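Please read these notes with the model open beside you. They begin at the ligand and then turn to the sheet.

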Amino acid sequence: MGKPIYVLNGPNLNMLGKREPAIYGRDTLAAIKLRAEDRASTLGIAVDFRQTNSEGELIGWIQDARDNARGIIINAGGLTHTSVAILDALQAAELPVIEVHLSNIFRRESFRQHSHVSLAAMGVICGLGAKGYELAVEAMADILASASSRG
Ligand code: DHK
């Protein structure tokens, strides 16, 4: 299967299922992980799915991705809107990046409507709940397939 795609989740996403379900839905992160892994395995790719509440740990994983992953799917949680350091790490990774949010950040508070992560992302999926992760895995598989067919 080769190197995996990293699916990285930032602060508070471990609270999914309990956390503001009207905004984030009732799926737990464990359920989202299973769906992403299932979708990836039908596409013949591996997923390494992680969550942390620590900005430093998230940056460490992004740095690690440069050598050990084929692409990054990231929901940086609240760090999306604040962290230049996450953006810097994503740009340094030199990998395809897809940004995911469960909620539609453009229908929410104005401070959520700007994403630092987007500057490093090939595409953004938001507002589609847990399904967004499956769609991101599918899109990443296409991106990787077309990159490898170009040699
Ligand atoms: C998740 C969070 O934790 C928020 O801080 C973001 C994002 C939105 C989401 O919708 O998945 O603003």
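**Notes on the ligand site and the sheet**

1. The side chain of asparagine 75 has an N or O atom 2.9 Å from an oxygen atom of the ligand. This is a predicted model, so please treat the distance as a computed value.

2. For arginine 19, an N or O atom of the side chain is 2.9 Å from a ligand oxygen. For arginine 112, the corresponding distance to an oxygen atom of the ligand is 2.8 Å. The ligand on its own has 310 Å² of accessible area, and the protein covers 98% of that.

3. Which residues come nearest to the ligand? There are 13 residues around the ligand, and the nearest are Asn75, His81, Leu102, Ser103 and Arg112.

4. The sheet is open and has five strands, in the order S2-S1-S3-S4-S5, with parallel pairing. Strands S2 (47-51) and S5 (123-126) are the edge strands, each pairing on one side only. On average, neighbouring strands of this sheet are turned by 15 degrees against each other, direction ignored.

5. Isoleucine 73 has isoleucine 98 in S4 as its bridge partner.

6. Which strands does helix H5 lie across? Helix H5 (residues 131-149) lies across S1 (5-9), S2, S3, S4 and S5, and runs at about 170 degrees to S4.

Notes. Residues numbered from 1 in each chain as written. Predicted model: local features only at pLDDT ≥ 70, side-chain atom pairs only at ≥ 80, totals over all residues. Heavy atoms only, no water. Pairing = 2+ DSSP bridges. Helix = DSSP H or I, 4+ residues; strand = E, 2+ residues; numbered from the N terminus. Axes fitted to C-alpha atoms, helices over the stretch in contact; angles between N-to-C directions. Contact = heavy atoms within 4.5 Å. Near = heavy atom within 4 Å. Polar contact = N/O pair within 3.5 Å; in protein donor to acceptor, adjacent residues only side chain to side chain. Areas by Shrake-Rupley, 256 points an atom, 1.4 Å probe, with all protein chains shown as cover.
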